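Dear colleague,

I am passing on the structure below, and my notes on what turned up in it follow. Please read them with the model open beside you.

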Amino acid sequence: FHHCIPGARSLLRSGLSRAFSTLPSPSTSTLPPHSIVFSGIQPTGSSGLHLGNYLGAVSNWVSLQNNFLPSPSHNDTHSNNKSGNQVLFSIVDLHALTVRTPPNLLRENSIQLATELIACGIDPDRTILYRQSAVSGHAELSWILGCLAPLGWLNRMTQYKDKSAKMANTNINSGLLCYPVLMAADILLFKATHVPVGDDQTQHLELAKDLALAFNREYGEPFFQVPTALYTTTARRVMSLRDGKAKMSKSDTNENSRINMTDSRDMISSKIKKAKTDSLEGLSYDPVGRPDLANLISIMSGLSGRSHEDICSQYATSSNSVFKNALADVVIEHVGPVSDRISRMQANRATVASMLERG
């Protein structure tokens with residue numbers, strides 16, 4: 001892949017190490033040889049990744065890749081992987097079907113997401129990056145596991161209850177109910193040993209464990225590996241810039257609610273300056289009493305590696321505008337180079353599509 005895009009390898013190696021050098025890395029010292037790490041992300045929305053996706057998942061994926069897999073030194077990267085470790089990242093386009101999307105748009109969104117993942121540092125020479133729908137085993141195993149899953153298990157899923165409540169006046173498709181079964185199939189299909197999760201995905205991983213055990217009991221042999229949650233200290237839940245109590249989301253119709261990884265430096269600065277805060281004096285980290293400001297402090301902490309206390313100490317007597325200007329500089333320092341790389345890679349969409357097929 002890197003031979004098809006001039007300067008891509010140096011872009012991924014030196015450029016990313018500079019851009020994200022301040023980001024702390026999750027510990028992988030406890031991962032034994034021959035471990036298999038799996039994670040996935042939906043290609044929903046044409047805007048691709050936002051800052052919440054990056055700080056909550058993708059930055060940890062990059063750290064796992066860099067700490068868990070050898071650096072490629074020859075064309076045949078996998079021959080240098082003496083540990084036998086594998087990392088798989090899937091663009092889970094089947095999950096995206098719970099929201100009606102024209103097929104051509106879904107394909108374009110998948111390629112765009114792959115482009116942005118590579119620009120963020122995911123290296124297809126070291127990891128396996130692929131489209132979920134290209135591997136029929138995902139859907140096939142989902143059906144088998146679904147036949148073992150009691151309806152009560154699925155009805156208890158918090159995300160299903162939340163999403164169905166929001167769709168109370170519309171027809172709720174069965175995909176929303178069965179979504180966690182497909183997620184379990186994603187994990188178990190490759191017998192993943194470890195799954196990076198945020199606190200909002202823990203329940204789904206527990207279901208995957210239950211279904212693995214149910215299958216093993218049903219067929220009388222320990223066929224499926226029971227996966228282990230991989231929690232990282234750097235994973236952060238980033239909230240909307242317009243509502244500190246709601247997650248940053250691609251589905252939010254207000255573009256000012258999120259920082260997209262494709263945003264220009266001027267757009268980033270404008271969105272940070274428009275971000276909601278409060279009228280209280282001084283800077284303090286209080287997620288309950290001051291959720292909007294706490295979200296901005298967490299973003300600076302996540303990108304800079306500094307503690308909330310250190311940031312609040314520096315800006316204790318500063319106005320919100322002064323702090324926002326400083327935050328904008330930090331976000332631009334990290335997101336700006338990624339946005340530049342995405343722009344340069346847009347001309348190589350056919351190559352990215354071919355890379356996904358290779359994965």
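Rings of Phe, Tyr and Trp (its six-membered ring) are taken as a pair if their centres lie within 6.5 Å, with planes under 30 degrees apart called stacked, over 60 edge-to-face and the rest tilted. By this rule there are eight aromatic pairs. This is a predicted model, in which local features need pLDDT of at least 70 and side-chain atom pairs count only at pLDDT 80 or more, while totals for chains, interfaces and linings use all residues. Residues are numbered from 1 along each chain as its sequence is written, and side-chain values use heavy atoms, leaving out hydrogens and water.

One of the pairs, Trp-61 with Phe-89, is stacked, at 4.4 Å centre to centre and 10° between the planes. Trp-61 belongs to helix H2 (residues 51–68) and Phe-89 to strand E2 (residues 86–91), so the pair ties together parts 28 residues apart in sequence (helices, H or I, of at least four residues and strands, E, of at least two are DSSP runs, numbered from the N terminus). The rings of Phe-215 and Tyr-219 are tilted, because their planes stand at 45°, with centres 4.7 Å apart. Ring pairs also join these two with Phe-223 and Phe-224 in a cluster.

The charged end of Lys-191 sits over the ring of Phe-223, 4.0 Å from its centre (the rule asks for NZ of Lys or CZ of Arg within 6 Å of the ring centre and within 35 degrees of the ring normal).
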